[in-house]
Amino acid sequence: MPAAPDSSPPATVTPSRPDLFLGYVKIGLFGFGGVAAWARRVIVEERRWLTEREYAEVLGLGQVLPGPNVGNAAVMIGRRFHGLPGALLATAGIYCAPLIILIALCLLYDRYGRLPEVRPVMAGIAAAAAGMVIGTACKMAGKLKLAPEAVLLLLVATFCAAWLRLSLPLIVLALAPLSITASLWRAGLILRKATS
Amino acid sequence: MALLLQILVTFSILSLVAVGGANAVLPEMHRQLVELRGWMDDATFSQLYALAQAAPGPNILVASVMGWRVAAWGGMAMATLGMLLPSAILAWCMAGLLHRLRGAAWLKPAQAGLVPIAVGLLLAAGLVMAEASSQFGLLPLVIVAASTLFVWRTSWSPLWVLAGGGVLGLLLLG
């Protein structure tokens with residue numbers, strides 16, 4: 001049985017090494033509050049390195065592994081295109097600009113004991129970034145054409161993390177086996193195994 | 001030297017328990033740095049966290065700022081390395097494992113099973129950020145709603161809403 005076809009399978013392009021690095025520099029540099037939203041924007045919409053589904057799968061793996069999910073995704077995506085140099089370039093790209101800015105902030109903080117009064121500006125940017133993350137999640141959910149039980153699991157994960165504030169390892173540990181089982185069942189693999 | 005090594009080890013351990021990234025590991029980071037090691041007090045920890053939030057990029061870099069506070073440049077280097085390296089190596093090995101398993105009939109559906117959780121947790125992160133911004137009143141929530149619609153329904157660059165949010169914040173929240 002063929003996999004469910006994407007509605008409009010966009011052609012993906014393989015980034016060159018400089019492209020990979022520069023794409024990740026952009027993700028790191030613009031990622032105020034929500035790097036995951038920018039990562040999807042650059043990788044799926046702007047540069048078309050991966051399809052919506054491929055990106056969501058890499059992000060999902062990045063989520064269950066320890067460490068920053070987008071950082072984990074950078075290692076895996078970098079490796080996929082250019083092996084070890086790719087993983088190093090993507091990782092260096094995502095962290096280099098923010099680190100330089102952080103060092104500048106640390107020096108300012110060291111010298112003046114506090115940061116210049118940017119709270120109102122940062123509050124406005126943070127609100128917009130929150131909307132960007134929510135909007136990105138909505139966009140992904142819409143484009144991925146999830147099965148009903150997958151939508152339910154998505155909402156349960158959201159509810160556990162945002163309302164109950166359960167710890168993420170706990171949520172992943174509880175929901176990942178359920179969700180994987182549901183997905184295998186949807187693909188007909190569990191039944192097939194039972195009959196053979 | 002012993003201090004730098006301690007920083008490296010502390011953050012390496014944090015790296016391996018950081019399922020869910022920086023925000024998930026923050027309570028444990030606080031316990032390690034403030035309560036167990038006594039490297040800084042509560043107020044400093046909060047200030048440094050705010051400092052890290054002011055920079056763009058993955059918020060796991062909060063570790064770099066903490067390391068810098070404990071032992072200047074060497075501390076920053078060790079904390080960053082400790083926080084990033086172990087989890088990156090794990091991700092590398094996982095990618096290798098998947099590559100070896102490619103073609104297995106169950107792999108694609110199994111991986112697809114993680115997708116709803118990834119999107120659900122992304123949505124949750126956005127909602128938590130929105131709630132945090134509501135401490136400034138109603139206006140941030142209006143910005144959140146406008147930004148959500150902008151990013152969801154259009155494909156224009158989100159830089160516009162980030163810039164717009166910053167300007168509105170400056171004019172109306174100051």
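**A residue and its contacts**

Guide: Leaving aside its neighbours within four places in sequence, A:A157 is in contact with A:I171 and A:L175 in its own chain, and with B:P116, B:I117, B:G120, B:L121 and B:A124 in chain B. Please keep in mind throughout that this is a predicted model.

Visitor: Which residues have the most contacts inside the largest nonpolar core?
Guide: They are A:A129, A:V133, A:A157 and B:V119, in a core that has 118 residues. The largest share of this core comes from α5(A), which gives 15 residues.

Visitor: And how many residues does each chain put into the contact between A and B?
Guide: Chain A gives 92 residues and chain B gives 80 residues. On the side of chain A, the helices α1 (17-30), α2 (35-46), α3 (52-64), α4 (69-112), α5 (119-144), α6 (148-163) and α7 (168-186) each supply at least two residues, and the largest share, 23 residues, comes from α5(A).

Visitor: What classes of residue are on that side of chain A?
Guide: By class, the side of chain A that touches chain B has 66 nonpolar, 19 polar and 7 charged residues.

Visitor: Let's change topic. How many helices and strands are there in chain A?
Guide: Chain A has 8 helices and 0 strands.

Visitor: Where is the confidence lowest in chain A, and where is it highest?
Guide: Confidence is lowest in helix α8 (residues 189-195) of chain A, with a mean of 60, and highest in α1(A), at 95. Chain A as a whole averages a pLDDT of 87, and 89% of its residues score at least 70. Over residues 1-5 of chain A, however, the pLDDT is below 50, and this stretch has 2 contacts in the model beyond near neighbours in sequence. Where pLDDT is low, the predicted coordinates should not be read in detail.

Visitor: Back to α1(A), then: what span should its 14 residues have?
Guide: At 1.5 Å a residue they should span 20 Å, and the end C-alpha atoms of α1(A) are 20 Å apart, so the two values agree.

Visitor: Which residues of α1(A) are buried, and what do they pack against?
Guide: The buried ones are A:L20, A:F21, A:G23, A:Y24, A:V25, A:I27, A:G28 and A:F30. The buried residues of α1(A) pack against α2 and α4 of chain A, together with α8 (159-173) of chain B.

Visitor: Last one: how are the chains divided into domains?
Guide: Chain A is divided into domain 1 (1-145) and domain 2 (147-196), and the contact between these takes 4 residues from each of the two domains. Chain B is divided into domain 1 (2-102) and domain 2 (113-173), and the C-alpha centres of those two domains of chain B lie 26 Å apart.

Technical notes. Residues are numbered from 1 along each chain as its sequence is written. Chains are lettered from A and ligands numbered from 1 in the order in which they are written. This is a predicted model: local features need pLDDT of at least 70, side-chain atom pairs count only at pLDDT 80 or more; totals for chains, interfaces and linings use all residues. Two residues are in contact if their C-beta atoms, placed from the backbone, lie within 7 Å. Helices (H or I, at least four residues) and strands (E, at least two) are DSSP runs, numbered from the N terminus. Ala, Val, Leu, Ile, Met, Phe, Trp, Tyr, Cys and Pro count as nonpolar, Asp, Glu, Lys and Arg as charged, and the others, Gly among them, as polar. pLDDT is the predictor's confidence in each residue, from 0 to 100. Domain bounds come from an automatic or database domain assignment. A nonpolar core is a set of buried Ala, Val, Leu, Ile, Met, Phe, Trp, Tyr and Cys residues joined through C-beta atoms within 7 Å. A residue is buried if 20 or more other C-beta atoms lie within 10 Å of its own, exposed if 12 or fewer, and partly exposed in between; C-beta atoms are placed from the backbone. The expected span of a helix is 1.5 Å times one less than its number of residues.
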